[in-house]
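User: I'm new to reading protein models. Could you walk me through one and show me how to read its features?

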Amino acid sequence: MEQKKFITYTAGHAPVRKQLLLFWIFFVIGAFTIGGGFAMILMMKRYLVDQYHWIKDEEYYDMLSISQVTPGPIAVNMATFVGYTQGGVLGSVLATLGVSIPAVAVIIIIAVFFPGFKDNVWVQRFFAGVIVGVVAQIATIVLDLGKRQKWTIVSAVVCAASLGILFFVHQVSPIWLILVGGLVGLAVEAFKPHEAAPTAGKRMS
C-alpha cells in the first residue's frame with residue numbers, strides 16, 4: 001500500500017534578487033487586487049504557482065488552508081507564510097510589507113479625500129463596477145476550491161448546513177461555523193476505520 005507523502009515547510013534561503021522580487025510581487029498583488037484577501041487568492045496562485053513555479057499546486061492550497069484558520073487577514077498570512085518558505089525571515093518580512101503597504105496607503109488617501117467626493121456619480125459608478133468584478137473573482141475561487149475538495153456525504157452536509165445558516169441565521173458568527181467544521185473533520189478522522197499496521201515477521205521456532 002502506498003503511504004501518503006507529507007509536505008514539510010522550512011525556512012527558505014534566497015539571494016537578494018529573489019528577496020526583492022518577493023516584495024515586488026506581493027506589492028503588485030496588494031496594489032492591484034480589489035476586494036480583499038479572497039480576491040487576491042487567484043492572483044497569488046497565478047504568480048506563485050503558474051508563473052514562477054515557486055510552490056506546487058497542492059502546497060499552495062495547504063498554505064491557503066492554514067492562512068484561513070490562523071488569526072489575521074488571509075492575504076497577510078499568505079504573504080508571511082510564502083515569504084518564509086521562499087526567503088526565510090527576511091523574505092517573510094518583505095512579502096508581508098509588500099502586500100500591506102498599498103492597502104495602508106490607499107486607506108489613508110481615501111480617508112483624506114473620499115468624504116469630499118463620495119456622492120459624486122462617477123465615483124459611485126466606479127465602485128459599483130468594482131463590486132461586480134470582485135464578485136466574479138470570488139466566484140472563480142469558490143469554484144476552483146470546490147473542484148479540489150474531496151466531497152463526501154459528511155462534507156456535503158456540513159457545507160449545505162453552513163450555507164443555510166449564513167443565509168438565514170445572521171446572528172451566528174462565521175467563527176463558530178469554522179470551529180464546528182474543524183471538529184466534524186476531527187471526529188470523522190477519529191472514527192474512521194484504519195487498516196492495521198503490517199506485523200513483523202514470525203519468529204523462527
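**Reading the inside of a model**

Analyst: Let's begin in the core. The largest nonpolar core has 28 residues, and the ones touching the most other members are Phe26, Ile29, Met44, Leu48, Tyr60 and Met78. The elements giving two or more residues to this core are α1 (16-32), α2, α3 and α4 (74-117). The largest share, eight residues, comes from α4.

User: What counts as a nonpolar core, and what does buried mean?

Analyst: The general idea is that in soluble globular proteins, nonpolar side chains tend to be buried together. A nonpolar core is a set of buried Ala, Val, Leu, Ile, Met, Phe, Trp, Tyr and Cys residues joined through side-chain atoms within 4.5 Å. Buried means under 20% relative accessible area, exposed over 50%, and partly exposed in between (1.4 Å probe, protein chains only). Here, buried residues make up 28% of the 205 residues in the chain.

User: Where do these numbers come from?

Analyst: This is a predicted model, where local features need pLDDT of at least 70 and side-chain atom pairs count only at pLDDT 80 or more, while totals for chains, interfaces and linings use all residues. Residues are numbered from 1 along each chain as its sequence is written, and side-chain values use heavy atoms, with hydrogens and water left out.

User: Which residues does Leu48 touch, not counting residues up to four places away in sequence?

Analyst: Leu48 touches Phe26, His53, Trp54, Ile55, Tyr60 and Val82. A contact means heavy atoms within 4.5 Å. Among contacts in the chain between residues at least 6 apart in sequence, 57% join residues at least 24 apart.

User: How many helices and strands does the chain have?

Analyst: Seven helices and zero strands. Helices (H or I, at least four residues) and strands (E, at least two) are DSSP runs, numbered from the N terminus.

User: How do I read empty space?

Analyst: Rolling a probe the size of a water molecule over the atoms shows where empty space is left. On a 1 Å grid over the protein atoms alone, a cavity is a set of points where a 1.4 Å probe fits but cannot get out, and a pocket is an open set with protein on both sides within 12 Å along at least five of seven lines; lining residues have an atom within 4 Å of a point. Grid points are joined across faces, edges and corners, and a volume is the space filled by probe spheres set on the points.

User: Which residues line the largest cavity?

Analyst: Ile41, Leu42, Lys45, Tyr60, Tyr61, Thr140, Ile141, Asp144 and Leu145. Four of the lining residues come from α5, the largest share. Domain 1 (2-115) and domain 2 (119-191) both contribute to the lining, so the cavity lies between them. Those domain bounds come from an automatic or database domain assignment.

User: And the largest pocket?

Analyst: The largest pocket has a volume of about 2,800 Å³. Of the 46 residues lining it, the closest to its centre are Ser65, Gln68, Leu145, Gln149 and Lys150. α3 gives the most to this lining, with ten residues.

User: Is Gly181 buried, partly exposed or exposed?

Analyst: Gly181 has 27% relative accessibility, so it counts as partly exposed. Gly181 sits in helix α7. Gly181 and Ser155 are 26 residues apart in sequence and 8.7 Å apart in space, C-alpha to C-alpha.
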